[in-house]
Each structure stands twice: as C-alpha cells, then as structure tokens.
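Subject: Structure handover

Hello,

I am passing on the structure we spoke about. Please look through it first; my notes come after it.

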Amino acid sequence: MDGNAPDPRYWEKMRLVAEVLKAVEGPIYIATHVDPDGDAIGSSLGLYRSLKALGKEAYWVAEPPRFLRFLPKEEEYSDPVDKLPVGATLVALDSAEPSRVVGVPVEGFVINIDHHGTNPRFGHIAVVDPSKAATAQMVKDLIDLLGVEWTAEIATPVLTGILTDTGNFRFANTTPEVLRVAAELVGYGVKLAELTDRLQFRPPSYFRLMGQVLSTVAFHFGGLLVTAHLPEDAKREEEDSDDFVGLIRYVEGSVVSVFLRKREEGVKVSIRSRGGVSAQNIALKLEGGGHVPAAGATLKDVDLDRAYELVLEAVAEELRRAGYL
Ligand code: AMP
Ligand code: MN
Ligand code: MN
C-alpha cells in the first residue's frame, strides 16, 4: 500500500471518531508531537476548545513553543502525565509515530489523526490522510461533525495549523479545498493579517542566531543540495525557533535543503525538497519520516561531522533515484 495515498474511508472514520468523542464520558487527553509546530499546537488547541464547548472532561497536554504561546491561555494546557486513568481516551494529533507523541503515554483508547504518509496507522482508530494539507484541516472536519458552534476562539488555532503547514498558502498542498476551508474559518472572525503577522514574531536573539546559521551555508552536488547547521558555540536561547530550513530552501538551483542541529539525543535533521526529489525518502533512509516535500529525522549518537556524512549519502541516493546525478 502506498502510504501517501488518501484514506478512502476518511469520512466514515471521521464520523466514527465524532460519535466516539460525543459518547465518551471519561477523560479525553489531547496530545501532539515533540517539537510542536503550528499544526501540532493549532489542531490540538482547536479540538480541545471544541470538546470543552461540548462540556467534555478534556485535557490538552502540550508545551507550546514561544512563537505560538500567544494562542492558548495558560490555564488551557496541562503538564505531562506518566499514566492515563483507566478508561481514558487519547487523541494523538499530527504525530507521525507513537514515539513522537509527547507528554502522555500512548495508552487507553487511542485515536490517531494525522496527515504524514509515513504514519504506521497506530491506535484503535487511525484517520491518516496524506492528501490533507494539515492535521488542522482534518480537525476542521471533525469539529463540523461534532456539531460545535464555530467561534473565533476555535477557528483561530485551526487556521493557524493550516497557515503554518501550507507556508501561508504557498506550498503545493494548498488545494482549492484548503482555500475554501480557510475562507470559511476567516468568516468565523479570525483576524487573518494580525495572526499571520504574529506568527512570524521571533525574539531578538533569533535574528543574531540567524547570522551565525547563515555563515554555515554550504552547497553540494553542484548546488543541488544546500545545507546549514546550528554552530555548536552559537549563543542559543532555549526559546529560539529552529525554522532555518525554510530560509535556505530558496537558494536558486537547489532541489534539497537540509538543516542540522546537535542536541542531547543526537543530531536533528530537517529536510525540504522540490522538483521530483522526495525529502520523505531521504528521511526514511535516516530512520525518520514525514511528507514528500518536508520531512525530518533524528540521528542518534552521532556528532555533527558524521551526521553530515550520513545526510550527504542519503541525499546522493535520492538525487540518483530522481535522475539528477
Ligand atoms: P521538521 O523538519 O522538524 O519541521 O519536520 C518536517 C516534517 O517531518 C514534519 O511534518 C514533522 O512532523 C516530520 N518529522 C520530523 N522528524 C520526524 C521523525 N523523526 N519521524 C517522523 N516524522 C518526522
Ligand atoms: Mn507537525
Ligand atoms: Mn502537520
């Protein structure tokens, strides 16, 4: 089976999820992936607010990064839990792997809603549809099925997920349907210009860091691949966001871009591609996953030099497959 194919039973399964969530009397935990992005936070906060509006005992376990912290109120997010109570329901959102779910154990009755082709379809109900631009787009359908009344408070995080995963409607996943959904959400009172502006805010230290990152830019395979990394001596604040791969992917003539950053557990690699090259294939060779144009992996127990070697090997193989080398 092609993991990137749309889910033919999408509506049937989403209706089942809505029925289950409406019927549940016990606690519902909502969680998302480690290093949460706009889709992770937006889809989970939108669903959390909808379930609260239905009077459900819902918990949103998340740690929003600084650039998204304006979205929730502090009392909306819960601390991590080691164990779920008996009879609990867990909704995992935007999480390509059970191991990527953060803050809660993957147990109880598990509902997996995601759009990563590499998702192994874990959980008791798995609605995984890689044809969707964002998990937030799927949550929009779920909220409709739940029959919750749309408000700006619910529409704003949902639109945030769509905005960030489509690069503000610039990526190939921006279908007519995505634009229609976005228009509908704006109609519920989202302040679009204010939201897109706010989503780009970064602390001053981020811009200094950007200078250091850009000084590491390198070109490989005649410029087909552009790389950069976080220098190990860079003055880095915990709060700095890491979306530098989105910056270097615009080097003329490049079809792959990779950003590497050393962390305690290994080297995290962010990959973007175009022109028939699959970032997903490259990530899978590095034991990661993701989408065809945007994917990632964490290389365990390696230093930056070794990570570069592994990345160059994996990229070379994919460039050969795609006919560039
Ligand atoms: P990032 O480069 O972290 O922005 O990730 C790009 C895309 O790949 C996102 O949709 C991530 O959720 C996904 N992704 C990143 N790392 C992994 C991984 N180790 N396994 C599966 N998916 C990943
Ligand atoms: Mn995500
Ligand atoms: Mn997503």
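The notes below go through the metal site, the cores, the sheet and the salt bridges.

Please keep in mind that this is a predicted model.

Metal site. The manganese ion (ligand 2) lies 3.6 Å from the manganese ion (ligand 3), and Asp-94 coordinates both. Asp-39 belongs to helix H2 (residues 38-53), while His-115 sits in the loop between strand S5 (109-114) and strand S6 (125-128), so the pair ties together parts that are 76 residues apart in sequence. Asp-39 is buried, at 0% relative accessible area, and His-115 is buried too, at 2%.

Cores. The largest nonpolar core consists of 49 residues, and Leu-21, Ile-30, Leu-47, Val-91, Ile-113 and Leu-142 have the most contacts inside it. Beyond its neighbours within four places in sequence, Ile-30 is in contact with several residues, including Leu-47, Tyr-59, Trp-60 and Val-91. There is also a second, separate core of 26 residues, with Ile-271, Ala-283, Leu-299 and Val-311 among them.

Sheet. Six strands form an open sheet with mixed pairing, in the order S7-S8-S9-S10-S12-S11. Its edges are strand S7 (218-220) and strand S11 (289-290), each of which pairs on one side only. Strand S9 (residues 256-263) pairs with strand S10 (residues 266-273) in the antiparallel sense, over eight bridges, and Phe-259 stands opposite Ser-270 in S10. Helix H10 (residues 304-321) lies across S7, S8, S9, S10 and S12, running at about 155° to S9.

Salt bridges. The structure holds 14 salt bridges. In one of them, Asp-35 and Arg-263 bring their closest N and O atoms to 2.9 Å. Asp-35 is in the loop between strand S1 (28-32) and H2 and Arg-263 is in strand S9, so this pair ties together parts that are 228 residues apart in sequence. Asp-35 is partly exposed at 34% relative accessible area, and Arg-263 is partly exposed at 24%. Glu-76 and Arg-49 also form a salt bridge, at 2.7 Å from N to O. Here Glu-76 is buried, with 10% relative accessible area, and Arg-49 is buried with 12%. In a further salt bridge, Glu-107 meets Lys-83 at 3.2 Å; Glu-107 is partly exposed at 22%, whereas Lys-83 is exposed at 59%. Salt bridges with shared partners join Asp-35, Arg-263 and Glu-265 into one network.

Regards

Methods: Residues numbered from 1 in each chain as written. Chains lettered and ligands numbered in written order. Predicted model: local features only at pLDDT ≥ 70, side-chain atom pairs only at ≥ 80, totals over all residues. Heavy atoms only, no water. Core = buried A, V, L, I, M, F, W, Y, C linked by side-chain atoms within 4.5 Å. Buried < 20%, exposed > 50% of the residue type's maximum accessible area, 1.4 Å probe, protein only. Contact = heavy atoms within 4.5 Å. Pairing = 2+ DSSP bridges. Helix = DSSP H or I, 4+ residues; strand = E, 2+ residues; numbered from the N terminus. Axes fitted to C-alpha atoms, helices over the stretch in contact; angles between N-to-C directions. Donors = N, O, S within 2.8 Å, 3.2 Å for Na, K, Ca; no water. Salt bridge = Lys/Arg side-chain N within 4 Å of Asp/Glu carboxyl O.
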